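Please keep the structure open beside the text as you read.

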Amino acid sequence: MTVTLIYGGKSGEHEVSLVSAAAIARGLSKNFSLNLIAITKKGKWYLQPASELERILSDAKAHFEIIEDESKVVSVIPSAGKSAFVAEGKALETDCVFPALHGSLGEDGNIQGLFEMADVPYVGCTTMSSALTMDKEKTKQVWQAAGLPVVPYVCMPRSVMMDSVVYDAFLDETEKELGYPMFVKPSSAGSSNGAAKAKNRKELAFALMEAFQWDDKVLIEKSIDGAREIECSVTGNAVSGDPNNEVEDVVAYIPGEILPSHDFYDYDAKYNDENGAALQIPANLSEEGIEKIRKAAVAAYKVLDCSGLSRVDFFISKEDGQVFLNEINTLPGFTPISMFPKMCEAAGLEFEALTKLLIDEALAKYESKSQLIRSR
């Protein structure tokens, strides 16, 4: 069986993708043949040479580099199925796609829609779920409608910035509703890109300017005093999966806790600073507390119709122990220090077995969908 691994992309998380993809390639290589397709920051797709895979497999610390050979530009043919990807005038036989992409144009439904048009099985959420979960505001609205607890927030569209009177009134109301400090983040960006903590109006204004460089909507969230940051990995098919099939059953793994040394768990703490955060797995919770997080993670995953994999992030108030849903990441990091695979491993699902599970689930999801009537 051949898996096509796609990585890179036009995203602020491009570099993270190269590291994630290398780890995934190592996990897949023992069970599958691999095609490598790299997407540049300008969005061009290139088939990568076999030597690039060999280099990654021979060096556990190496990450992918993108080789731009114009003779190996990749094209995608709609409805071509296993022959959907073409390079050098030949189809790249593909049984399943593993997108090792993070952020915009990678986990926001765009490329998932392309896979649907191409008619190939792929790892991860559907077009709809990917688009929904990429938008933090819409995700929170769905969770709220389902009665799940979220961090208090307001959402500012770019149009508010266009009128100084409206802008000042908006900030006045936000300060009354949330109080300082606040967290500011783009509604549809990942890895804490464009995120900042504001302790007064001046800092809030600067944080908004930065966040609006990343998106047209910005979330402003209440800071939960002394909040503990808890994460939980989930796999499975929430919509069409057979709960009696371990490949498709929705499972939440052992929750972990982020102990950042920075002011908050920002991009540098996640990817650049080796000492940016301690990762504690399992989280320092009672058995009852761990089960509460796992059940909440499954509920958050299911109500969004997720499939494949996701990492569900929580805050726990140190003051009263209240649990809040924070975010969900449908293509979480797979780097050597990423929480998603580490939490799965803590529950007994080793990295290689995890990658195989995700491929098997993707094939099962595709098979289930192929049984649906498309037209009469």
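Predicted model: local features only at pLDDT ≥ 70, side-chain atom pairs only at ≥ 80, totals over all residues.

Residues are numbered from 1 along each chain as its sequence is written, and side-chain values use heavy atoms, with hydrogens and water left out. Helices (H or I, at least four residues) and strands (E, at least two) are DSSP runs, numbered from the N terminus.

**Backbone geometry**

- Most residues other than glycine have a negative phi, and most peptide bonds are trans.
- A cis peptide bond also joins Ile-281 and Pro-282, with omega about 0°; Pro-282 lies in the loop between β15 (277-280) and α10.
- Ser-79 has a positive phi near 60° without being a glycine, and its place is the loop between β4 and β5 (85-87).
- Ser-79 counts as exposed at 59% relative accessibility, where exposed means over 50% relative accessible area, buried under 20% and partly exposed in between (1.4 Å probe, protein chains only).
- Leu-105, in the loop between β7 and α3 (110-118), has a positive phi of about 65° although it is not a glycine; Leu-105 is partly exposed, at 39%.

**Nonpolar cores**

- A nonpolar core is a set of buried Ala, Val, Leu, Ile, Met, Phe, Trp, Tyr and Cys residues joined through side-chain atoms within 4.5 Å.
- The largest one has 34 residues, and those with the most contacts inside it are Leu-5, Tyr-7, Leu-28, Phe-64, Phe-98, Val-123 and Ile-359.
- Elements giving two or more residues to this core include β1 (2-8), α1 (14-28), β7 (96-100) and α12 (351-370); α1 provides the largest share, six residues.
- A second, separate core of 29 residues includes Tyr-153, Ile-230, Cys-306 and Val-312.
- Beyond its neighbours within four places in sequence, Val-123 is in contact with residues including Phe-98, Leu-309 and Ile-359 (contact means heavy atoms within 4.5 Å).

**Helix α5**

- Lys-136, Glu-137, Thr-139, Lys-140 and Trp-143 are buried in α5 (residues 136-145).
- These buried residues fall within an arc of 160° seen down the axis, so they line one face of the helix; the arc is that of the directions from the helix axis to the C-beta atoms.
- Their cover includes α4 (127-134), β8 (153-157) and β17 (323-329).
- Asp-135 caps the N-terminal end of α5, with a side-chain oxygen 3.0 Å from the backbone nitrogen of Glu-137.

**Aromatic rings**

- The structure holds six aromatic pairs; rings of Phe, Tyr and Trp (its six-membered ring) pair if their centres lie within 6.5 Å, and planes under 30 degrees apart count as stacked, over 60 as edge-to-face and the rest as tilted.
- The rings of Tyr-7 and Phe-64 are stacked, because their centres are 4.4 Å apart and their planes at 10°.
- Tyr-7 in strand β1 and Phe-64 in the loop between α2 and β4 (75-76) are 57 residues apart.
- Tyr-7 is buried, with a relative accessible area of 0%, and Phe-64 is buried with 0% as well.
- Phe-98, Phe-334, Phe-340 and Phe-351 form one aromatic cluster.

Notes
Polar contact = N/O pair within 3.5 Å; in protein donor to acceptor, adjacent residues only side chain to side chain.
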